[in-house]
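Q: Hi! Could you walk me through this structure? I'd like to start with the terms you use.

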Number of protein chains: 2
Amino acid sequence: MARYAHVPGPTIRRLSLYLRELEGLLAEGRETVSSKQLGQALRVTDAQVRKDLAYFGQLGRPGVGYPVDPLIREVRGILGTDRLWPAVLVGAGNLGRALAAYRGFARRGFEIVAVFDSDPAVVGQGLGTAGELTVLPMSQLPQVVRSGDIRIGIIAVPAPAAQSVAEQMLDAGIRALLNFAPAGLDVPPRVPVVSADLAIHLEQLAFQVAELAP
Amino acid sequence: MARYAHVPGPTIRRLSLYLRELEGLLAEGRETVSSKQLGQALRVTDAQVRKDLAYFGQLGRPGVGYPVDPLIREVRGILGTDRLWPAVLVGAGNLGRALAAYRGFARRGFEIVAVFDSDPAVVGQGLGTAGELTVLPMSQLPQVVRSGDIRIGIIAVPAPAAQSVAEQMLDAGIRALLNFAPAGLDVPPRVPVVSADLAIHLEQLAFQVAELAP
DNA sequence: CTATGTGAACAGCTTCACAGCG
DNA sequence: CGCTGTGAAGCTGTTCACATAG
């Protein structure tokens, strides 16, 4: 496909932030928003906002601004979150259990439909917001992925297990990985991987704090 | 301070990834590594690795490569993770509890020393890897931050509460924020904020999956 | 008068290519 | 000869400034 191959990566990343802000504005009942207002909320210039949105067509009206609700629909369509994405999660430790119970995913168009773990001691446990998920053994991964046509896999296992889990997921038919393990994954270049190493976020913060005047 | 004001932002972000990879190499007993090897692990060019590291001095040896252990020390010093950073966490929900128990933070130089929540029902609960933390009421935040000289605050509350929690943290003396809430924070420009919205990671993945051939 | 869309100028980051060290 | 460090070139992304629409 590559519908938006010419769009800068940073623009795509900001799109998620615009969407989050727009949803807040919608909840407040706002009907339009200007590039200046959106920019202030995200700490980017108004010109940046206009350039970003202009990649996808003439979305605003001069003198008026951008219509909030139609723009939300447009951005969701671009990001692909105008539909529900089922996902599988591997790792039922502390982080995995928190992710399985996190309501924020469903609100944004993602649903964890199954959780797996290699530890027999946790297989069979109830998980999720209200215990609606049961931890399954790894052996059932391929069957669940195939029968549910699931493309997204979430890795929430300790670092040493991450590479092996990634390979098992790809073998099972998963196409893209969200990796919470603090380890790089060696996967074929065409497999999208987003890394969400929690400690790396903190390191970046530590750097910025160290740069401040004492 | 601004010791490294001239260093590109992307370089600083990659520094964390180099460090993670180097720690893996150290565990394997490797003594040196070339820019080519490091680059392959992170999917960047060897020239990029050399440029990144050269911002901080002559860290490698021609014909040999970079010495793993000294380079780790150097990068930790740059990022500021050569010491232990105490941090406070607000929000003892699913995510907050998982973060409080996450061992990965301590391994990378961060320690959650106190957890706060505004809900009286959870105040007093035991938390952490082994129940060593007790959830405190918000009223104790300023005293704990001041007496512990704590600079980093972690926000793990629902979106509507995030802005208010951020303000309470800054009032209490916190200097930098790691924000897990799916909401932007309106804080003074000099306050470093790193956002770790879990759903945004998934949106970025959804976009990449939608770009793949079906 | 307000606010978009956009070519042109600018800034920042990455890659190239090679001198020079071990 | 392998591999770093680094100017120069090339490319990508951001900001400017203004014509144009409401």
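A: Happy to! A polar contact is a pair of N or O atoms within 3.5 Å; within protein, one must be able to donate a hydrogen and the other to accept it, and residues adjacent in sequence count only if both atoms are side-chain atoms. This is a predicted model, where local features need pLDDT of at least 70, side-chain atom pairs count only at pLDDT 80 or more, and totals for chains, interfaces and linings use all residues. Residues are numbered from 1 along each chain as its sequence is written, chains are lettered from A and ligands numbered from 1 in the order in which they are written, and side-chain values use heavy atoms, with hydrogens and water left out.

Q: Thanks! Which side chain does Ser35(B) join in a polar contact?
A: That of Arg50(B), at 3.2 Å.

Q: And is Ser35(B) buried or exposed?
A: Ser35(B) counts as buried because its relative accessibility is 9%. Buried means under 20% relative accessible area, exposed over 50%, and partly exposed in between (1.4 Å probe, protein chains only).

Q: Where does Ser35(B) lie?
A: In helix 2 of chain B, residues 35–42. Helices here are DSSP runs (H or I, at least four residues), numbered from the N terminus.

Q: Leaving aside neighbours within four places in sequence, what is Ser35(B) in contact with?
A: With Asp46(B), Val49(B), Arg50(B) and Tyr66(B). Contact means heavy atoms within 4.5 Å.

Q: What does Ser35(A) approach on DNA strand C?
A: A phosphate oxygen, which lies 2.6 Å from a polar side-chain atom of Ser35(A). Gly60(A) has a polar backbone atom 3.0 Å from a phosphate oxygen.

Q: Which helix gives the most to the surface near DNA strand C?
A: Helix 3 of chain B, with 4 residues.

Q: Last topic: what rotation superposes chain B on chain A?
A: One of 180°, with 0.0 Å of shift along its axis and an RMSD of 0.1 Å. The two copies are therefore related as by a two-fold rotation axis. Superposition is by least squares on the C-alpha atoms of residues with pLDDT of at least 70 in both.

Technical notes. Helix = DSSP H or I, 4+ residues; strand = E, 2+ residues; numbered from the N terminus.
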